[in-house]
Amino acid sequence: MIQEKYYQAFAAFAGCNMTLAACAAALCAYIAPAAAGSGIPEVKAYLNGVDAHTILAPSTLLVKIFGSIFGVAAGFVVGKEGPMVHTGACIANLLGQGGSRKYHLTWKCLRYFKNDRDRRDLITCGAAAGVAAAFRAPVGGVLFALEEAASWWRSALLWRTFFTTAVVAVVLRGLIEFCRSGKCGLFGQGGLIMFDVFSSQTNYTTPDLLAVIFLGIIGGLLGSLYNFFVDKVLRTYSIINERGPVFKILLVVTISLLTSFFSYGLPWLSSCTPCPPHAMEQCPTVGRSGNYKSFQCPPGHYNDLASLFFNTNDDAIRNLFRSGSTKEFHLATLIIFFSAMYFLGIVTYGIAIPSGLFIPVILAGASYGRLIGTILGPISNLDTGMFALLGAASFLGGTMRMTVSLCVILLELTNDLLMLPLVMLVLLISKTVADSFNKGVYDQIVKMKGFPFMEAHAEPYMRNLVAGDVVAGPLITFSGVEKVEHIVHALKITRHNGFPVIDEAPFTDSPELCGLVLRSHLLVLLRGKKFTKNRVTSGSQILKTFHAFDFAKAGLGKGVKLEDIQIDAEEMEMYVDLHPITNTSPYTVVETMSLAKAAVLFRELGLRHLLVVPKKPGRHPIVGILTRHDFMQEHILGIYPHLNPHK
């Protein structure tokens, strides 16, 4: 560009971006497709009880880390914050399954965490650590896990996540101190406070509050519209991505070329601005980081649009949040930058690279907030930098639909407690307005990906049904001492993970419910082959043979499989005692309980199976089993279409 070879400059710029983008896309397309996107919807679904394939695998972790590096370096309008939440959850999952046998990383001391509850707690802590590391907001990380990620919360989990994020803050502080010498590139700028925003305004006039309310309404409308377009683009991209890895890479390269064209071409629309006479730093900027990019301008001038496009995302946000710089950006510059960020944020999310939504939303929100602040400057006492912060808050509230966690994250990001009342107000208004049109962006993605997510509240039509109305049949049960052939046959013809155990004669006078046995435990028992020729109890021998850790939750793909168990014809005719591995105190509800109450109970207790027992005595001791599938809208309305609220 110094030699005025502008086309060659664009070719070099776009070529570098497309190379980095292709590397990120190749990692996602060929090694770990689950690493694409932000990962927050997948983590949210897992903590709701949906263990989708490979979403927390070690390969996903590696691709998430390096794919994020390539994606952000390629100049995409994406953030690293969402992927860092997924990264933290993947690390926690690796610890929760005792390491990885496939990669020869196993730790015997971690075997105590190999159960569903402790692994879920670890992954919740990992998600909180990801937010704390990405935003340098320890308390915000705890609140994010509570408000958005976790479906089940308890007091012990509060201090565990708090301890995790405190460790993150200490480690970050140490790394930032180490990197002050310039050994780590652009990392560590600004300490733990990423965007140091200062406000001396403690009193708000009526015009100020009206301006903030207006900003919240606009943020809610823009946020709901953003979610609408993101949903449409994701559905379109899914059709392209389903055609194979080559099409995924081609889509990524196409979006990379489009982003490069916007980043390089739009600054030409902006005129050169004379450098401020009392600038705190060198103008125009020399080097990679700074506020005054020269671009094609003569000495002593800078290009304000290039100062936003040709900066790191953090520096661009810092420029928009800057106080006391009303005339630094022209109105036309803010309009162009907002339009570009809004459009590029929509078309970039959904391609096969790790990508977060926080940074695009903050950039777009800060630009339109600063735009409104510049327009309302004559009637409002608030600084344009404050308007930029409130605009980012309103857009975040309109897209993410979080309130408490976003408020704390923004305050920890900016170190400006004086803005607390206004940030709270703008978040509440934007969320309320946006909720009138659609759901939050992560909820939309969870639904679009088909995860059977259970909401915190029951649907209204569930009040017209009882538990016995939706249980699916036929019900497969086992006796307390069961024939091996029957167990093997049941495991072959079904994919059920839980089976009721019924005690019958000669062990009891009449059939009674003994409890629930899990598929994974049955497979471990069959592999041990502690069978008897006669139908007698042999629980004491089985307890001596197995240890508790034999039945611990297996790591990814490492569980016992039915195909690996060799049972001959003679063993098929033998019997096995199921009493030692049966959960004799499963959660049960009567068949006449309201389905709405059963759904709330199922979710609040974090269950996988809920046994339905008869109301009156004298009948078979169990009516059916309620699983997550039985509470899904598609299943219920498939049986009772007249209850469909949309008809």
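Q: What do buried, exposed and partly exposed mean here?
A: A residue is buried under 20% relative accessible area, exposed over 50%, and partly exposed in between, with a 1.4 Å probe and protein chains only.

Q: And where does the model come from, and how are residues numbered?
A: This is a predicted model, in which local features need pLDDT of at least 70 and side-chain atom pairs count only at pLDDT 80 or more, while totals for chains, interfaces and linings use all residues. Numbering runs from 1 along each chain as its sequence is written, and side-chain values use heavy atoms, with hydrogens and water left out.

Q: What is the average pLDDT of the chain?
A: The average is 87, and 93% of the residues score at least 70. pLDDT is the predictor's confidence in each residue, from 0 to 100.

Q: Which elements have the lowest and highest mean pLDDT?
A: Strand β1 (residues 99-100) has the lowest, at 60, and helix α9 (residues 245-265) the highest, at 95. Helices (H or I, at least four residues) and strands (E, at least two) are DSSP runs, numbered from the N terminus.

Q: How is the chain divided into domains?
A: Domain 1 covers 6-181, domain 2 covers 206-274 + 306-449, domain 3 covers 454-471 + 591-646, and domain 4 covers 478-583. The bounds come from an automatic or database domain assignment. The centres of domain 2 and domain 4, taken over C-alpha atoms, are 56 Å apart.

Q: Switching to cysteines: how many disulfides?
A: The count is one, taking a disulfide as a pair of cysteine sulfur atoms within 2.5 Å. The disulfide joins C272 to C297, with an S to S distance of 2.1 Å. The angle about the S-S bond is -95°, and the link of C272 and C297 is left-handed.

Q: Which parts does the C272 and C297 pair tie together?
A: C272 lies in strand β3 and C297 in the loop between β3 and β4, so the pair ties together parts that are 25 residues apart in sequence. C272 is partly exposed at 29% relative accessible area, whereas C297 is buried at 9%.

Q: What about C16?
A: C16 is in no disulfide, and the nearest cysteine sulfur, that of C23, is 11 Å away. C16 is partly exposed, at 48%.

Q: Is F295 buried or exposed, and where is it?
A: F295 is buried, with 17% relative accessibility. F295 lies in the loop between β3 (272-274) and β4 (301-303). Its phi is positive, about 55°, although F295 is not a glycine.

Q: Where does K529 lie, and what is its phi?
A: K529 is in the loop between α19 (519-528) and α20 (539-545). Its phi is near 55°, a positive value in a residue other than glycine. K529 is partly exposed, at 34% relative accessible area.

Q: Then α19 itself: which of its residues are buried?
A: They are R519, H521, L522, L523, V524, L525 and L526. That is seven of the 10 residues of α19, so the helix is largely enclosed by the rest of the structure.

Q: Now charges. How many salt bridges are there?
A: A search of the whole structure finds 17, where a salt bridge is a side-chain nitrogen of Lys or Arg within 4 Å of a carboxyl oxygen of Asp or Glu. One of them joins R401 and D435, at 3.1 Å from N to O. R401 lies in the loop between α14 (384-400) and α15 (404-414) and D435 in helix α16 (residues 420-435), so the pair ties together parts that are 34 residues apart in sequence.

Q: What else does D435 pair with?
A: D435 also forms a salt bridge with K431, the closest N and O atoms being 3.0 Å apart. K431 and D435 are four residues apart in helix α16, separated by about one helical turn. K431 is partly exposed, at 25%.

Q: Which residues are linked in a network of salt bridges?
A: K44, E148 and D443 are linked in that way.

Q: Last one: which residues make the nonpolar surface patch?
A: W159, F163, V167, V171, L175 and F187 make a patch of about 590 Å². Patches are made of residues with over 30% relative accessible area and no salt bridge; like charges are joined within 9 Å, and nonpolar side chains (Val, Leu, Ile, Met, Phe, Trp, Tyr) within 5 Å. Accessible areas come from the Shrake-Rupley method with a 1.4 Å probe; for residues, only the protein chains shown count as cover. F163 is in helix α7 (residues 155-178) and is exposed, at 54%.
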